[in-house]
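Biologist: I'd like to learn how to read a helix. Can you walk me through one?

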Amino acid sequence: MLTKAMIMAAGVGSRLEPLSSIFPKPMVPVANVSVMDIIIKHLKCAGIKDIIANTYYKSEFIQEHYKKNPVNINLQFIKETELSGTAGGVKKCQFFFNQGEDFIILSGDGLTDIDINKAYAAHKTSGAIATIVTKDVLHSEVSKYGIIVPDEKGFVKSFQEKPALEEAESNLANTGIYIFNYEIFNFIPENTFFDFAKNVFPSLMEAGVKINTYNHYGYWSDIGSLEIYKKSNFDVIAGKVHSITPEIINTRNGVNIIGRNTYINPAALLEGKNIIGNNCKIGADSIIKNTIIWDNTEIKAGAVVENSIILSDITVEEPVYNEILTKDRIKENTKVTV
């Protein structure tokens, strides 16, 4: 059984702006729970005892969150003073792992229900020092991902970085979930910007070192864009993500997740799929449809909010359609569409 894990939590998340201007990516809420909290709970359920995370962007925010919300597991952090790539960040955590042991790495913005122990069993059976977890994606979307081309035994034959549709030799995307043996550190130099996809994996193949693949048939989402963020939230409502099972509240025309200490006037109308955060107030005759609302927000009586994301600490009085609202955006009277 695996007992140690690393969460890569250093990314800036520019494609998630303006959400990432408020929270670092791992702290962005999905169904009212931060992505990193979901990951940690999933790791604990798989028997992981020790977790380390590298941080950079809004590092203090992440560490402060876990001081206020302890997770009853050995959770440690390192703070990078400058970004060092996916592999470079892992190298800085080498001290956390022991010679000869295996460990799992997950991205801090990844939502998945992968069976970690099954993936680990496949890794051990392969005899490889590295296993890349893959996921089938639609052929029409292969150009969005790093694509893995395996051989007949499941070892990596080649890589294709965001290939054109007509050039793609596979539809297996690299999920950014890896299981490594400690030997992987022999292929990562110290104090160097180094990536797994661009540097480490090509080095392994040049050295004739086999890289195993494990295809995950369950849920996986890389929450790297506003579109995927919204879809991932609604996937939770639809019951597609087995690693998070919040209470679902049905209304006449809607399916909803509603946070703690939130008051919804009986005359409010909730339609479609909605996630409403903690300590919110939804006024009479308001209409909420296909919308995500963060904590401490008030939707005034009669207001209409559709297909939008409303961030924390906002009072909404006017109609909002297909927008992302933050306090700064309201002050500047600028719109961000979603």
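Modeller: Let's take helix α5 and go through its sides and its ends. This is a predicted model, where local features need pLDDT of at least 70, side-chain atom pairs count only at pLDDT 80 or more, and totals for chains, interfaces and linings use all residues. Residues are numbered from 1 along each chain as its sequence is written, and side-chain values use heavy atoms, with hydrogens and water left out.

Biologist: Which residues of helix α5 are buried?

Modeller: Buried means under 20% relative accessible area and exposed over 50%, with partly exposed in between (1.4 Å probe, protein chains only). Helices are DSSP runs of H or I with at least four residues, strands are E runs of at least two, and both are numbered from the N terminus. In α5, which spans residues 116-126, the buried ones are I116, A119, Y120, H123 and S126. They sit on the same side of α5 because their arc around the axis is only 120 degrees, taken from the directions from the helix axis to the C-beta atoms.

Biologist: Which residues are exposed on the other side of α5?

Modeller: There you'll find K118 and T125 exposed.

Biologist: What do the buried residues of α5 pack against?

Modeller: Contact means heavy atoms within 4.5 Å. By that rule, the buried residues of α5 pack against α2 (35-45), β6 (102-107), β8 (130-136), β11 (172-181) and β12 (212-215).

Biologist: Which residue caps the N-terminal end of α5?

Modeller: That's D115, with a side-chain oxygen 3.2 Å from the backbone nitrogen of N117. Just after α5, G127 has a positive phi of about 75 degrees.

Methods: Polar contact = N/O pair within 3.5 Å; in protein donor to acceptor, adjacent residues only side chain to side chain.
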